[in-house]
Amino acid sequence: MIAAAVLSVLTVSAAPASAASCYGFGRTLSQGASGEDVRQLQIRVSGYPGYGAVLAIDGQFGAGTKAAVTRFQQAYGLGADGVAGPATFAKLSSLEDSDCTPVNFSYAELNRCNSTWSGGAVSAATAKANALVTMWKLQAMRHALGDRAITVNGGFRSYACNSAVGGAAGSRHLYGDAADLGAGSIGFCKLAQQARNHGFSEILGPGYPDHNDHTHLANRSGRFWSAPSCGI
């Protein structure tokens, strides 16, 4: 009996870990649904709004969310009906770490200013939440570019950090929703051009003053795209 009990304990402790998912979707989601689970879905498909569009993250499953879910499904070879069910949730789970960040990006990359996300134009919680959405948009971009690595050189800044680097007074970095990208193996122009499909309303790159050495992506009210050397 003792040997059997020991064997049982060993069997349980040796079981494989579950998937590193931070949110468990409990129902199929389709157009007309609303709630926190819809908002969580919107965060994860925010990089699939279509050219020039931005997906509202409001917990309301409307036509824009259906279109984004459909594009996500198409991108990963799933049945593309715009309905988020088990197959869609399983793919999303495989793309995220236990802190809700996409597997290829981290909070550390999006904040080289301080550890608290404080001191910016919005609350620390809002800045961090904005950065999470930005990371999911970058994850969509990365996949569209053939799953090639994207180098993030900077993100959130407090007012003090922004001043230290000579940032603009109204910089989106102060809101946590901006990312400055290095060329890596992709190139500044290709990054700027691709970003037009992934929910970034602010795209600045080569040819725009002080942006010849990086591509800047962010969210803002109203579109402002300027990377003249890249045809944008």
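User: What does buried mean here?
Analyst: Buried means under 20% relative accessible area, exposed over 50%, and partly exposed in between, with a 1.4 Å probe and protein chains only. The model is predicted: local features need pLDDT of at least 70, side-chain atom pairs count only at pLDDT 80 or more, and totals for chains, interfaces and linings use all residues. Residues are numbered from 1 along each chain as its sequence is written, and side-chain values use heavy atoms, with hydrogens and water left out.

User: Why is helix α2 called largely enclosed?
Analyst: Helices (H or I, at least four residues) and strands (E, at least two) are DSSP runs, numbered from the N terminus. In α2 (residues 36-44), 7 of the 9 residues are buried, so the rest of the structure largely encloses this helix. Among the buried ones are Asp 37, Leu 41 and Arg 44.

User: What covers the buried residues of α2?
Analyst: The cover includes α3 (63-75), α4 (86-94) and α5 (124-144), where contact means heavy atoms within 4.5 Å.

User: What makes β1 and β5 edge strands?
Analyst: Two strands pair if DSSP finds at least two bridges between them. The open sheet has 5 strands in the order β1-β2-β4-β3-β5, with mixed pairing. β1 (152-154) and β5 (224-226) each have a single partner strand, so one side of each lacks a neighbour in the sheet.

User: How do you know that β3 pairs with β5?
Analyst: Strand β3 (residues 202-204) is joined to β5 by 3 bridges, and the two run parallel. Within this pair, Ile 203 stands opposite Trp 225 in β5.
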